Amino acid sequence: MIKVIVTVIVLSGMYSMYGINWGIYQNAQNLAKEKRFDEAIALYEKAAAETNDEKDNAQYLQWAVNVAQSAKNPEKARELADKVKNAERRSMMQMRLMKPKEVINTFKDTDFLQWPEDIRAEPYRTRGRAYEQMKKYQEALADYRKALETPGGGVSVKGWTAHDAGMIYLIQMKDEAEAEKMFRQALTVSPAFYAWRSQSLIKLGELLVKQKRAEEAVKIYSEQNFPKDGSPIWIVAWARAYAQVLSAAGDNVKAMEQLEIALKSASGENQKKEIQKSIDALSDKLL
(Lines give C-alpha, C1' and ligand atoms only; values in the text may rest on other atoms or scores of the structure.)
Protein backbone atom coordinates (compact mmCIF):
# COMPACT_ATOMS: atom_id res chain seq x y z
CA MET A 1 0.00 0.00 0.00
CA ILE A 2 2.82 2.39 0.91
CA LYS A 3 4.50 1.65 -2.44
CA VAL A 4 1.28 2.49 -4.30
CA ILE A 5 0.86 5.77 -2.43
CA VAL A 6 4.46 6.78 -3.15
CA THR A 7 4.01 5.94 -6.83
CA VAL A 8 0.88 8.10 -7.05
CA ILE A 9 2.67 11.00 -5.38
CA VAL A 10 5.65 10.70 -7.75
CA LEU A 11 3.44 10.51 -10.84
CA SER A 12 1.42 13.47 -9.61
CA GLY A 13 4.58 15.48 -9.19
CA MET A 14 5.78 14.52 -12.65
CA TYR A 15 2.44 15.57 -14.13
CA SER A 16 2.67 18.99 -12.49
CA MET A 17 6.28 19.39 -13.62
CA TYR A 18 6.05 18.12 -17.20
CA GLY A 19 2.37 18.59 -18.04
CA ILE A 20 -0.26 21.26 -17.68
CA ASN A 21 -0.97 22.01 -14.04
CA TRP A 22 -4.75 22.24 -14.06
CA GLY A 23 -4.79 23.65 -10.55
CA ILE A 24 -2.95 26.72 -11.82
CA TYR A 25 -5.34 26.93 -14.74
CA GLN A 26 -8.40 26.83 -12.49
CA ASN A 27 -6.98 29.40 -10.07
CA ALA A 28 -6.11 31.75 -12.92
CA GLN A 29 -9.54 31.31 -14.49
CA ASN A 30 -11.22 32.15 -11.17
CA LEU A 31 -9.08 35.28 -10.84
CA ALA A 32 -9.99 36.32 -14.38
CA LYS A 33 -13.70 35.86 -13.63
CA GLU A 34 -13.23 38.23 -10.67
CA LYS A 35 -11.55 40.68 -13.10
CA ARG A 36 -8.24 40.29 -11.25
CA PHE A 37 -6.56 40.14 -14.61
CA ASP A 38 -3.00 41.03 -13.58
CA GLU A 39 -2.95 38.27 -10.97
CA ALA A 40 -4.31 35.71 -13.43
CA ILE A 41 -1.69 36.68 -16.03
CA ALA A 42 1.07 36.49 -13.41
CA LEU A 43 0.09 32.91 -12.55
CA TYR A 44 0.22 31.87 -16.19
CA GLU A 45 3.51 33.69 -16.79
CA LYS A 46 5.13 31.98 -13.82
CA ALA A 47 3.94 28.55 -14.97
CA ALA A 48 5.16 29.26 -18.51
CA ALA A 49 8.58 30.30 -17.29
CA GLU A 50 8.99 27.23 -15.08
CA THR A 51 7.97 24.51 -17.56
CA ASN A 52 10.55 22.80 -19.74
CA ASP A 53 7.95 21.68 -22.27
CA GLU A 54 7.58 23.99 -25.28
CA LYS A 55 3.94 23.06 -25.88
CA ASP A 56 3.02 23.72 -22.26
CA ASN A 57 4.95 26.98 -22.30
CA ALA A 58 2.96 28.14 -25.33
CA GLN A 59 -0.33 26.96 -23.83
CA TYR A 60 0.14 28.86 -20.57
CA LEU A 61 1.04 32.00 -22.48
CA GLN A 62 -1.92 31.58 -24.82
CA TRP A 63 -4.21 31.51 -21.80
CA ALA A 64 -2.42 34.60 -20.49
CA VAL A 65 -2.96 36.31 -23.85
CA ASN A 66 -6.66 35.42 -23.66
CA VAL A 67 -6.87 37.11 -20.25
CA ALA A 68 -5.07 40.20 -21.57
CA GLN A 69 -7.56 40.39 -24.42
CA SER A 70 -10.44 40.09 -21.95
CA ALA A 71 -8.87 43.00 -20.10
CA LYS A 72 -8.74 44.91 -23.43
CA ASN A 73 -4.98 45.22 -23.17
CA PRO A 74 -3.55 44.47 -26.65
CA GLU A 75 -0.07 45.69 -25.70
CA LYS A 76 0.14 43.16 -22.88
CA ALA A 77 -1.18 40.45 -25.17
CA ARG A 78 1.61 41.07 -27.67
CA GLU A 79 4.19 41.24 -24.89
CA LEU A 80 3.06 37.84 -23.66
CA ALA A 81 3.11 36.33 -27.14
CA ASP A 82 6.71 37.48 -27.54
CA LYS A 83 7.70 35.35 -24.53
CA VAL A 84 6.87 31.98 -26.12
CA LYS A 85 10.07 29.91 -26.11
CA ASN A 86 9.68 28.00 -29.38
CA ALA A 87 10.15 30.25 -32.42
CA GLU A 88 7.34 28.75 -34.54
CA ARG A 89 4.84 28.64 -31.68
CA ARG A 90 5.79 32.23 -30.89
CA SER A 91 5.13 33.22 -34.50
CA MET A 92 1.78 31.42 -34.43
CA MET A 93 0.68 33.32 -31.33
CA GLN A 94 1.89 36.63 -32.74
CA MET A 95 0.06 35.84 -35.97
CA ARG A 96 -3.24 35.45 -34.10
CA LEU A 97 -2.88 39.02 -32.81
CA MET A 98 -2.08 40.66 -36.14
CA LYS A 99 -4.39 42.50 -38.50
CA PRO A 100 -4.91 40.86 -41.93
CA LYS A 101 -2.45 43.04 -43.86
CA GLU A 102 0.24 42.52 -41.23
CA VAL A 103 -0.27 38.74 -41.36
CA ILE A 104 0.24 38.69 -45.12
CA ASN A 105 3.21 41.08 -45.10
CA THR A 106 4.95 39.12 -42.36
CA PHE A 107 4.16 35.55 -43.44
CA LYS A 108 3.53 35.82 -47.19
CA ASP A 109 6.41 33.49 -48.13
CA THR A 110 6.62 31.37 -44.99
CA ASP A 111 6.79 27.61 -45.46
CA PHE A 112 4.57 26.42 -42.62
CA LEU A 113 5.37 22.78 -43.41
CA GLN A 114 8.59 23.34 -41.47
CA TRP A 115 6.67 24.17 -38.30
CA PRO A 116 5.83 21.59 -35.57
CA GLU A 117 3.24 19.17 -36.94
CA ASP A 118 0.58 19.88 -34.30
CA ILE A 119 0.37 23.57 -35.31
CA ARG A 120 1.24 23.24 -38.99
CA ALA A 121 -2.31 23.58 -40.37
CA GLU A 122 -3.34 26.59 -38.29
CA PRO A 123 -1.07 29.22 -39.90
CA TYR A 124 -2.42 28.26 -43.32
CA ARG A 125 -5.92 28.87 -42.02
CA THR A 126 -4.90 32.14 -40.35
CA ARG A 127 -3.19 33.46 -43.47
CA GLY A 128 -6.11 32.26 -45.57
CA ARG A 129 -8.49 34.12 -43.32
CA ALA A 130 -6.36 37.25 -43.74
CA TYR A 131 -6.54 36.92 -47.53
CA GLU A 132 -10.30 36.43 -47.33
CA GLN A 133 -10.73 39.57 -45.22
CA MET A 134 -8.78 41.47 -47.87
CA LYS A 135 -11.06 39.99 -50.57
CA LYS A 136 -8.22 38.00 -52.16
CA TYR A 137 -10.36 34.90 -52.52
CA GLN A 138 -8.14 32.76 -54.76
CA GLU A 139 -5.22 33.17 -52.35
CA ALA A 140 -7.55 32.45 -49.43
CA LEU A 141 -8.78 29.23 -51.04
CA ALA A 142 -5.21 28.13 -51.78
CA ASP A 143 -4.30 28.48 -48.11
CA TYR A 144 -7.54 26.86 -46.97
CA ARG A 145 -6.79 23.85 -49.17
CA LYS A 146 -3.33 23.57 -47.60
CA ALA A 147 -4.82 23.83 -44.10
CA LEU A 148 -7.20 20.97 -44.87
CA GLU A 149 -4.51 18.80 -46.47
CA THR A 150 -1.79 19.42 -43.87
CA PRO A 151 -1.49 17.11 -40.85
CA GLY A 152 -2.00 18.76 -37.48
CA GLY A 153 -4.51 21.30 -36.31
CA GLY A 154 -7.52 20.69 -34.11
CA VAL A 155 -11.06 20.04 -35.23
CA SER A 156 -11.95 23.73 -35.05
CA VAL A 157 -9.10 24.64 -37.42
CA LYS A 158 -10.18 22.01 -39.93
CA GLY A 159 -13.90 22.58 -39.43
CA TRP A 160 -13.89 26.36 -39.76
CA THR A 161 -11.54 26.11 -42.74
CA ALA A 162 -13.90 23.79 -44.62
CA HIS A 163 -16.90 25.96 -43.72
CA ASP A 164 -15.21 29.21 -44.76
CA ALA A 165 -13.97 27.71 -48.02
CA GLY A 166 -17.52 26.57 -48.71
CA MET A 167 -18.84 30.08 -48.14
CA ILE A 168 -16.28 31.59 -50.54
CA TYR A 169 -17.22 29.09 -53.23
CA LEU A 170 -20.93 29.68 -52.61
CA ILE A 171 -21.02 33.47 -52.28
CA GLN A 172 -17.96 34.78 -54.11
CA MET A 173 -17.26 32.14 -56.76
CA LYS A 174 -20.85 31.04 -57.39
CA ASP A 175 -19.50 27.48 -57.55
CA GLU A 176 -22.18 25.39 -55.87
CA ALA A 177 -20.46 22.06 -56.59
CA GLU A 178 -17.29 23.07 -54.76
CA ALA A 179 -19.31 24.68 -51.97
CA GLU A 180 -21.18 21.42 -51.48
CA LYS A 181 -17.90 19.50 -51.25
CA MET A 182 -16.58 21.84 -48.59
CA PHE A 183 -19.75 21.76 -46.48
CA ARG A 184 -19.80 17.96 -46.69
CA GLN A 185 -16.14 17.85 -45.67
CA ALA A 186 -16.89 20.03 -42.65
CA LEU A 187 -19.46 17.48 -41.50
CA THR A 188 -16.83 14.73 -41.56
CA VAL A 189 -14.34 16.56 -39.33
CA SER A 190 -16.21 15.74 -36.12
CA PRO A 191 -19.63 14.33 -35.14
CA ALA A 192 -19.93 16.95 -32.39
CA PHE A 193 -22.12 19.97 -33.05
CA TYR A 194 -19.63 22.80 -33.07
CA ALA A 195 -20.88 26.10 -34.48
CA TRP A 196 -18.98 25.56 -37.75
CA ARG A 197 -20.54 22.12 -38.15
CA SER A 198 -24.07 23.40 -37.54
CA GLN A 199 -23.58 26.28 -39.96
CA SER A 200 -22.19 23.93 -42.60
CA LEU A 201 -25.14 21.56 -42.18
CA ILE A 202 -27.65 24.37 -42.57
CA LYS A 203 -25.91 25.81 -45.64
CA LEU A 204 -25.65 22.38 -47.23
CA GLY A 205 -29.36 21.78 -46.67
CA GLU A 206 -30.26 25.14 -48.21
CA LEU A 207 -28.05 24.41 -51.21
CA LEU A 208 -29.57 20.98 -51.81
CA VAL A 209 -33.11 22.33 -51.53
CA LYS A 210 -32.25 25.06 -54.04
CA GLN A 211 -31.05 22.36 -56.44
CA LYS A 212 -34.27 20.40 -55.90
CA ARG A 213 -32.44 17.66 -54.03
CA ALA A 214 -34.49 17.96 -50.88
CA GLU A 215 -34.60 14.19 -50.32
CA GLU A 216 -30.80 14.18 -50.03
CA ALA A 217 -30.98 16.99 -47.51
CA VAL A 218 -33.60 15.09 -45.47
CA LYS A 219 -31.33 12.05 -45.40
CA ILE A 220 -28.39 14.10 -44.15
CA TYR A 221 -30.50 15.70 -41.40
CA SER A 222 -31.99 12.35 -40.39
CA GLU A 223 -28.49 11.00 -39.82
CA GLN A 224 -27.63 13.75 -37.34
CA ASN A 225 -27.71 13.11 -33.62
CA PHE A 226 -28.83 16.54 -32.47
CA PRO A 227 -28.02 16.99 -28.75
CA LYS A 228 -31.23 17.35 -26.75
CA ASP A 229 -29.43 19.42 -24.14
CA GLY A 230 -27.88 21.74 -26.71
CA SER A 231 -28.08 25.51 -26.69
CA PRO A 232 -31.66 26.73 -27.28
CA ILE A 233 -30.30 29.03 -29.99
CA TRP A 234 -28.98 26.06 -31.93
CA ILE A 235 -31.99 23.86 -31.23
CA VAL A 236 -34.15 26.53 -32.85
CA ALA A 237 -31.76 26.87 -35.80
CA TRP A 238 -31.55 23.10 -36.38
CA ALA A 239 -35.29 22.57 -36.09
CA ARG A 240 -36.23 25.43 -38.40
CA ALA A 241 -33.70 24.36 -41.02
CA TYR A 242 -34.78 20.73 -40.78
CA ALA A 243 -38.41 21.82 -41.16
CA GLN A 244 -37.54 23.64 -44.38
CA VAL A 245 -35.91 20.62 -46.00
CA LEU A 246 -38.73 18.32 -44.83
CA SER A 247 -41.33 20.66 -46.29
CA ALA A 248 -39.39 20.94 -49.55
CA ALA A 249 -39.39 17.14 -49.72
CA GLY A 250 -43.17 17.11 -49.22
CA ASP A 251 -43.21 15.83 -45.63
CA ASN A 252 -45.18 18.64 -44.02
CA VAL A 253 -46.25 16.56 -41.01
CA LYS A 254 -42.66 16.04 -39.85
CA ALA A 255 -41.87 19.62 -40.79
CA MET A 256 -44.62 20.73 -38.41
CA GLU A 257 -43.07 18.60 -35.66
CA GLN A 258 -39.76 20.37 -36.12
CA LEU A 259 -41.38 23.80 -36.03
CA GLU A 260 -43.08 22.87 -32.76
CA ILE A 261 -39.68 21.95 -31.33
CA ALA A 262 -38.34 25.30 -32.50
CA LEU A 263 -41.26 27.17 -30.94
CA LYS A 264 -40.73 25.49 -27.56
CA SER A 265 -37.05 26.45 -27.51
CA ALA A 266 -37.47 30.00 -28.83
CA SER A 267 -37.00 32.82 -26.33
CA GLY A 268 -37.56 36.20 -28.00
CA GLU A 269 -41.09 37.28 -28.86
CA ASN A 270 -40.17 38.27 -32.41
CA GLN A 271 -38.62 34.88 -33.05
CA LYS A 272 -41.68 33.12 -31.63
CA LYS A 273 -43.91 35.17 -33.93
CA GLU A 274 -41.80 34.23 -36.97
CA ILE A 275 -41.97 30.55 -36.09
CA GLN A 276 -45.69 30.77 -35.46
CA LYS A 277 -46.16 32.31 -38.91
CA SER A 278 -44.33 29.35 -40.41
CA ILE A 279 -46.56 26.99 -38.42
CA ASP A 280 -49.71 28.77 -39.59
CA ALA A 281 -48.56 28.68 -43.22
CA LEU A 282 -47.77 25.00 -42.96
CA SER A 283 -51.11 24.32 -41.29
CA ASP A 284 -52.87 25.72 -44.37
CA LYS A 285 -51.00 23.20 -46.54
CA LEU A 286 -52.11 20.35 -44.27
CA LEU A 287 -55.79 21.24 -44.47
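**Close-up 1. Polar contact between the side chains of lysine 76 and glutamate 79 in the predicted model**. The two side chains make a polar contact at 3.0 Å. Lysine 76 belongs to helix H5, which covers residues 74–81. When residues up to four places away in sequence are not counted, lysine 76 touches Ile41, Glu45 and Ala68. The C-alpha atom of lysine 76 is separated by 7.6 Å from that of valine 65, although these two residues are 11 places apart along the chain.

**Close-up 2. Helices H14 and H15 crossing each other**. Helix H14 comprises residues 232–248 and helix H15 comprises residues 252–265. Their axes come within 8 Å and cross at roughly 165°. Because angles over 145 degrees count as roughly antiparallel, H14 and H15 are roughly antiparallel to each other. The crossing of these two helices is left-handed. On the H14 side, the residues that meet H15 include Ile235, Val236, Ala239, Arg240 and Tyr242. On the H15 side, the residues that meet H14 include Lys254, Ala255, Gln258, Leu259 and Ile261. By class, the contact of H14 with H15 has 11 nonpolar, 4 polar and 2 charged residues.

**Close-up 3. Threonine 126 in helix H8**. Helix H8 spans residues 121–133 and contains threonine 126. The relative accessible area of threonine 126 is 17%, so this residue is buried; the term applies to values under 20%. Apart from its neighbours within four places in sequence, threonine 126 is in contact with Met92, Met95 and Val103.

Notes:
Residues are numbered from 1 along each chain as its sequence is written. This is a predicted model: local features need pLDDT of at least 70, side-chain atom pairs count only at pLDDT 80 or more; totals for chains, interfaces and linings use all residues. Side-chain values use heavy atoms; hydrogens and water are left out. Helices (H or I, at least four residues) and strands (E, at least two) are DSSP runs, numbered from the N terminus. Contact means heavy atoms within 4.5 Å. A polar contact is a pair of N or O atoms within 3.5 Å; within protein, one must be able to donate a hydrogen and the other to accept it, and residues adjacent in sequence count only if both atoms are side-chain atoms. Axes are lines fitted to C-alpha atoms, for helices over the stretch in contact, and angles run from 0 to 180 degrees between N-to-C directions. Angles under 35 degrees count as roughly parallel, over 145 as roughly antiparallel, 65 to 115 as roughly perpendicular and the rest as oblique. A crossing is left-handed if the near helix is turned anticlockwise from the far one by less than a right angle, and right-handed if clockwise. Ala, Val, Leu, Ile, Met, Phe, Trp, Tyr, Cys and Pro count as nonpolar, Asp, Glu, Lys and Arg as charged, and the others, Gly among them, as polar. Buried means under 20% relative accessible area, exposed over 50%, partly exposed in between (1.4 Å probe, protein chains only).
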